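Keep the coordinates open as you read.

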Amino acid sequence: MKKYFSLLAGSFLAIAAVGASWTEGMVSGKVELKSIGPLAFGPDGVLLMADAKSAALVALDTQDRVPAPASAQVHVKGLNQKIAGLLGTEAEQVLINDLAVNPISRKVYVAVSRGRGPEASAVLVRVHHEGRIEAVSLENVKHSRATLPNPPADAMVGQGQRQSNPRLESITDLAFVDGRVVVAGLSNEEFASTLRALPFPFQTAGKGTSVEIYHGAHGAFETRSPIRTFVQFKVEGEDHLLAAYTCTPLVQFPLKELQPGAKIRGKTIAELGNRNRPLDMIAYHKGGKDYLLLANSSRGIMKIDTTDIAKSESITSRVADKQGLAYETIEAWKGVDQLDRFDASQALVLRKAEGGALDLDSLPLP
Amino acid sequence: MKRLLVLWTGLSIATVLWAEDKPVLTWQPLPGSPSNYRVEVSGLGAEMWARLKSERDQGIEPERWLSVRVVPKDLLKALDVPAMGGRFDFAPEKAYLRFEPDYALEPGLRYEAVFRAGDLLPVRATLSIPNHPEGPPTRVLSIYPSSEVLPENLLKFYLVFSGSMSRGHIYDFIELRDEWGKTVEIPFLEIDEELWDAAQTRLTLFIDPGRIKRGVKPLEEVGPAIKAGRRYSLRIDSKWPDAQGRPLAAPALKTFRVAPPDRTPIDPLTWRLATPRAGTRDPLVVRFGEPLDFGLAGRLLSIRRAGNAEIAGRAELHALESEWRWIPDQPWLAGCGVIRVPSILEDLAGNNVGKAFEVDVFEKVDRNSVPGRNEISFEIR
């Protein structure tokens with residue numbers, strides 16, 4: 001889905017040149033996952049997989065580094081039904097939690113739960129351009145793991161009856177951003193929406209940064225609402241994160257402020273309307289302009305021109321309905337469930353079709 | 001390969017096989033789970049095995065000859081579904097070809113193995129895995145908070161089930177209605193990952209904080225999810241499938257009345273303690289003066305003897321989660337102790353120890369060190 005960052009031509013080659021270091025510290029062996037998804041690609045075919053049930057991140061060396069032809073496309077009818085067949089079950093027992101495109105090979109990686117009960121298994125599926133699907137073996141693969149750090153208050157209440165750490169069971173999104181893995185999450189009991197930045201490779205696993213997110217868009221109060229989806233974004237040459245929240249503020253954070261212990265106050269640059277929940281977001285450049293494409297639960301696909309984002313005013317007072325950056329709804333893309341960047345000119349979408357089928361298509365960016 | 005060709009006056013040609021090439025497909029149960037099976041091909045003659053070996057040497061994969069597929073319940077919906085993933089064991093010298101699926105077969109489904117190679121007619125063998133024995137249907141055991149009066153800025157519900165539930169579409173089965181039966185629009189924070197415990201028997205259901213905090217646009221535009229002075233009902237639909245795909249035994253309903261918002265931080269200095277006598281295993285009782293969060297109050301409080309040794313025992317919540325009881329594993333010894341109260345403890349509205357939910361941390365409230373509030377001393381006599 002979400003994360004295909006600014007690995008555009010020039011910068012991508014630079015990263016590939018030092019690629020060997022990205023798999024440093026990885027070990028060969030079996031990847032143990034209690035759950036899978038969200039996914040995000042880093043450089044050099046390294047796939048980051050969130051195992052929210054374990055409050056852990058796994059970086060996998062996919063060894064998938066053969067560049068795709070420029071003409072690459074992907075079209076799979078009933079992806080969920082085909083994955084169910086591959087896994088020997090029915091589509092009702094398959095959950096597609098996330099998908100991510102390898103920016104080198106343009107192969108699509110899909111985070112799948114086989115089963116809906118607590119014994120569900122986590123499966124990584126790869127989709128080739130001609131539509132062939134296969135399960136990616138996690139048996140003997142190069143990988144590294146980082147467990148999200150436990151806040152100190154939790155460590156001191158370790159009673160025998162407590163089986164697991166309920167504080168960090170949900171990872172709502174993640175991304176690879178300039179040598180760090182940025183993770184948005186929410187705990188199971190305590191209401192604490194956080195953004196964490198972990199250095200990568202995971203040489204200092206467990207020593208990530210924990211940063212609570214507040215934004216000043218609503219007068220004196222912060223919302224503490226969790227980030228639903230975010231992208232990396234350049235504003236006047238500086239790296240920022242652009243995060244979408246439920247109902248639907250769009251908030252901008254300077255990446256350099258994402259430091260241990262920092263309190264980040266974001267700038268709300270748009271209110272996109274109520275009764276809506278953002279699903280996925282990608283950023284792209286077309287015809288000399290910058291755009292953001294945001295998939296939503298009830299307001300379809302929004303295309304937002306962000307060319308002049310640096311000049312946008314911060315929203316600090318009550319607004320009637322929508323305010324800030326305007327958007328255009330892409331009517332042709334209905335029922336989008338997952339969205340990612342496919343290549344410089346195409347998006348990858350997973351859409352609801354007839355009879356419960358989910359179709360996977362690469363489509364020209366609008 | 002030996003073949004006998006029979007010609008019918010030039011109209012058609014049929015291929016008849018020698019008796020030794022009679023492929024036999026068998027489903028063989030494997031140790032472990034009752035739904036672990038493999039498929040084995042046998043019954044081929046030496047010449048056929050040699051031919052398969054030669055094809056294999058030329059790079060033909062065994063999946064060209066042998067595949068296993070789920071038989072769709074609805075044949076009309078049958079798509080071009082790929083064969084099930086698994087491992088092949090091709091041993092021509094032992095005259096067998098085996099396939100072991102990577103996943104246990106699913107109860108209630110039917111599988112078909114097909115062998116096709118050379119000029120042989122395809123051979124099929126199906127296997128149906130019986131459904132699980134039916135246990136008692138899963139039901140909603142409890143919904144927390146237990147109180148029938150909840151603050152307007154209530155932060156979350158907990159749903160506790162008697163068995164494991166299915167995940168994936170929980171918000172289709174949970175509804176909040178007002179006293180006129182009208183559905184409240186998206187009152188909950190819908191998280192794709194769903195906040196289940198490991199056994200999927202307890203769900204944490206957050207009310208969207210955007211509908212709670214003052215000054216936030218959704219609250220101003222559409223109002224709080226629940227309004228003071230009104231009555232609501234939280235409804236759990238019995239169609240919600242459990243982990244085995246069965247509907248719940250019955251729908252569940254929690255009706256409640258809404259009180260004004262609670263914006264007061266938790267203050268352990270106001271809690272009342274009742275200490276047991278030394279030598280008994282009577283509970284140490286703490287009365288909070290208000291209901292606290294079921295999940296956090298049940299887990300976070302701990303008890304230590306003076307000198308820091310943790311006292312083993314178990315906690316219970318009573319009186320609509322406004323009372324905490326600690327029952328020690330061993331009889332109480334006389335002496336002093338402390339109850340540790342982590343600052344992240346919450347009341348029903350998400351107010352912490354010494355810090356209300358709505359207080360902006362930019363205002364420099366240090367939530368981790370509120371003097372005197374994080375430890376409560378007691379003495380056992």
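This is a predicted model: local features need pLDDT of at least 70, side-chain atom pairs count only at pLDDT 80 or more; totals for chains, interfaces and linings use all residues.

Start inside chain B. B:Asp242 is buried, with a relative accessible area of 2%. Its side chain meets that of B:Arg246 in a salt bridge, 3.0 Å from N to O. B:Arg246 is at 11% relative accessibility. That value also counts as buried, because the cut-off is under 20%.

Take one link of it. A:Arg132 forms a salt bridge with A:Glu130, and the closest N and O atoms are 3.3 Å apart. A:Glu130 has 57%. It counts as exposed because the cut-off is over 50%.

Back in chain B, look at B:Arg87 and B:Glu100. Their side chains meet in a salt bridge of 3.3 Å, N to O. This pair links distant parts of the chain, 13 residues apart. B:Arg87 sits in strand S6 (residues 86-91) of chain B, and B:Glu100 in strand S7 (residues 96-101) of chain B. B:Arg87 is partly exposed, at 46% relative accessibility. B:Glu100 is partly exposed too, with a relative accessible area of 28%. Over all chains, the structure holds 35 salt bridges.

Now turn to a sheet. Strands of a sheet pair through backbone hydrogen bonds, either parallel or antiparallel. In chain B, three strands form an open sheet, in the order S5-S8-S9, and the pairing is antiparallel. Which strands stand at the edges? They are strand S5 (66-71) and strand S9 (123-128) of chain B. Each has a single partner strand, so one side of each is left without a neighbour in the sheet. From one strand to the next, the twist averages 20°.

Finish with the pairing of S8 and S9. Strand S8 (residues 110-115) of chain B is joined to S9(B) by six bridges, and the two run antiparallel. To find your place along this pairing, pick out B:Glu112. It stands opposite B:Thr126 in S9(B).

Terms used
Residues are numbered from 1 along each chain as its sequence is written. Chains are lettered from A and ligands numbered from 1 in the order in which they are written. Side-chain values use heavy atoms; hydrogens and water are left out. A salt bridge is a side-chain nitrogen of Lys or Arg within 4 Å of a carboxyl oxygen of Asp or Glu. Buried means under 20% relative accessible area, exposed over 50%, partly exposed in between (1.4 Å probe, protein chains only). Helices (H or I, at least four residues) and strands (E, at least two) are DSSP runs, numbered from the N terminus. Two strands pair if DSSP finds at least two bridges between them. Axes are lines fitted to C-alpha atoms, for helices over the stretch in contact, and angles run from 0 to 180 degrees between N-to-C directions.
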